[in-house]
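User: Please examine the model shown here and answer some questions on its helix packing and salt bridges.

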Amino acid sequence: MTMQGVNVKQLWGNKSRRKRHVYSTCSAATIKAADMTNTTPLPPMETMADVRTQVDRIDGELIALMKQRFACMDAAARIKQDRNTVRDEGRKAQVLANVKQLAGDAALPVPTMAAIWEMLIETSISYELQKWDQIRDK
């Protein structure tokens, strides 16, 4: 699959380029094409113990992803020179639109996913503001 002359499969193999390019410039559909095919398939679950094992594994993966997401907030706090640019309503709207598209494509409840991401975005903004102030001793 190509996008703007770039082979997405090649981008996927290089994590640093993926972070810089795929997540910063791709639409929700392209992110879906790159990411949704790389999820771990669930094994058959016959007991509640099986279900709980999978939920715990997925929670661990989500925490690892949140760690990466918040590392992005650390970088943004370092890069942005003006504290007033931390809150970017245009970017927030773009992220929410992407999430709604991805949720719909994944047959997840769109309003629920949007509400979760609204909280995630606001938490990320608050975190970034704190980091911005810490970096600059404000």
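**Helix packing and salt bridges**

Analyst: In this predicted model, the buried residues of helix 4 are Q54, F70, M73, A76 and A77.

User: Against which helix do the buried residues of helix 4 pack?

Analyst: The buried residues of helix 4 include F70 and M73. Leaving aside neighbours within four places in sequence, S124 is in contact with R69, F70 and M73, and S124 lies in helix 6. The packing partner of the buried residues is helix 6 (110-135).

User: Is S124 buried or exposed?

Analyst: The cut-off for a buried residue is a relative accessible area under 20%. S124 has a relative accessibility of 2%, so S124 counts as buried.

User: What is the distance between the end C-alpha atoms of helix 4?

Analyst: Helix 4 covers residues 48-79, which is 32 residues. At 1.5 Å a residue the helix should span 46 Å, and the model agrees, because the end C-alpha atoms are separated by 46 Å.

User: About how many helical turns separate R57 and E61?

Analyst: R57 and E61 form a salt bridge, with their closest N and O atoms 2.5 Å apart. The two residues are 4 residues apart in helix 4, so their separation is about one helical turn.

User: Which residues are linked in a network of salt bridges?

Analyst: R87 forms a salt bridge with E122, with closest N and O atoms 2.6 Å apart. This pair links distant parts of the chain, R87 being in the loop between helix 4 and helix 5 (89-105) and E122 in helix 6. E118 forms a salt bridge with K92 at 2.7 Å between the closest N and O atoms. The linked residues are R87, E89, K92, E118 and E122.

Note on methods: Residues are numbered from 1 along each chain as its sequence is written. This is a predicted model: local features need pLDDT of at least 70, side-chain atom pairs count only at pLDDT 80 or more; totals for chains, interfaces and linings use all residues. Side-chain values use heavy atoms; hydrogens and water are left out. The expected span of a helix is 1.5 Å times one less than its number of residues. Buried means under 20% relative accessible area, exposed over 50%, partly exposed in between (1.4 Å probe, protein chains only). Contact means heavy atoms within 4.5 Å. A salt bridge is a side-chain nitrogen of Lys or Arg within 4 Å of a carboxyl oxygen of Asp or Glu.
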